[in-house]
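The sequence and structure are shown first.

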Amino acid sequence: MPPSGGTRLALVTGPASPRFVPMTAAPIMIRRATAGDSTALSDVSASSWIGAYQGIIPHLDLMRFVSKRDASYWQGGLARGLPVLVLEVLGEIGGYACLSSGRFQGRPTGEITELYLGPAYQGIGLGEQLFAAARENLAALGLRHLRVWSLVANEPACAFYRRRGGRPGERSSQRFGSTRLERQSFHWS
């Protein structure tokens, strides 16, 4: 049972029994993912995608998508040099961000292709830290412009990017099985 009061707590799970830790005492690290993180990335990816998209993406399509992102998917991506940052809290992977680069309107642009936190790590400011670290990593590569896509129906994600100063840009659709869902880009300069 978590202690009551005004202290923000993190629920930490893992090899030791689940426990609550004051956020001010929880060591937080954002670092580049390694092959050893593949299983944790698979777990966080599955729990966060199900939490974010249940009721938005048709259930069977969502489960098919999630099942393809097992540990071997992440191992392969990391082996090919996929740039992934992980958010680590007390030695447990609580979230991740996938980074990419390209061009938008003729200028080099960084892209955060995925930014997800496991349910226990959401709503306590860790997403802001992971987003800032992703932007800093892209800026260090000379990519000062940033683009992020979000499904329009995922209003919490859209609101998150608007609160970070993202300007709405172009829209397109993305297919999940036989369903097409609208997505919105957000831009930063």
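Axes are lines fitted to C-alpha atoms, for helices over the stretch in contact, with angles from 0 to 180 degrees between N-to-C directions; helices are DSSP runs (H or I, at least four residues) numbered from the N terminus. The model is predicted, so local features need pLDDT of at least 70 and side-chain atom pairs pLDDT 80 or more, while totals for chains, interfaces and linings use all residues. Residues are numbered from 1 along each chain as its sequence is written, and side-chain values use heavy atoms, without hydrogens and water.

Helix 1 (residues 38-53) packs against helix 3 (residues 71-79) at about 120°, their axes lying 8 Å apart. Contact means heavy atoms within 4.5 Å. Helix 1 contributes Ser38, Thr39, Leu41, Ser42 and Ser45, and helix 3 contributes Ala71, Trp74, Gln75 and Leu78.

The structure also holds 1 cavity of 30 Å³ or more. A cavity is a set of points on a 1 Å grid over the protein atoms alone where a 1.4 Å probe fits but cannot get out, and lining residues have an atom within 4 Å of a point. The largest cavity, of about 30 Å³, is lined by Ser42, Ser45, Ala46, Trp49, Phe65, Val66 and Arg69. Helix 1 and helix 2 (59-68) each give two or more residues to this lining, and helix 1 gives the most, with 4 residues.

The table gives the residue classes.

| Contact of helix 1 with helix 3 | 4 residues | 5 residues | no residues |

Ala, Val, Leu, Ile, Met, Phe, Trp, Tyr, Cys and Pro count as nonpolar, Asp, Glu, Lys and Arg as charged, and the others, Gly among them, as polar.

Technical notes. 1 Å grid on protein atoms, 1.4 Å probe; cavity = no way out; pocket = protein on both sides within 12 Å on 5 of 7 lines; lining within 4 Å. Points joined across faces, edges and corners; volume = space filled by probe spheres on them.
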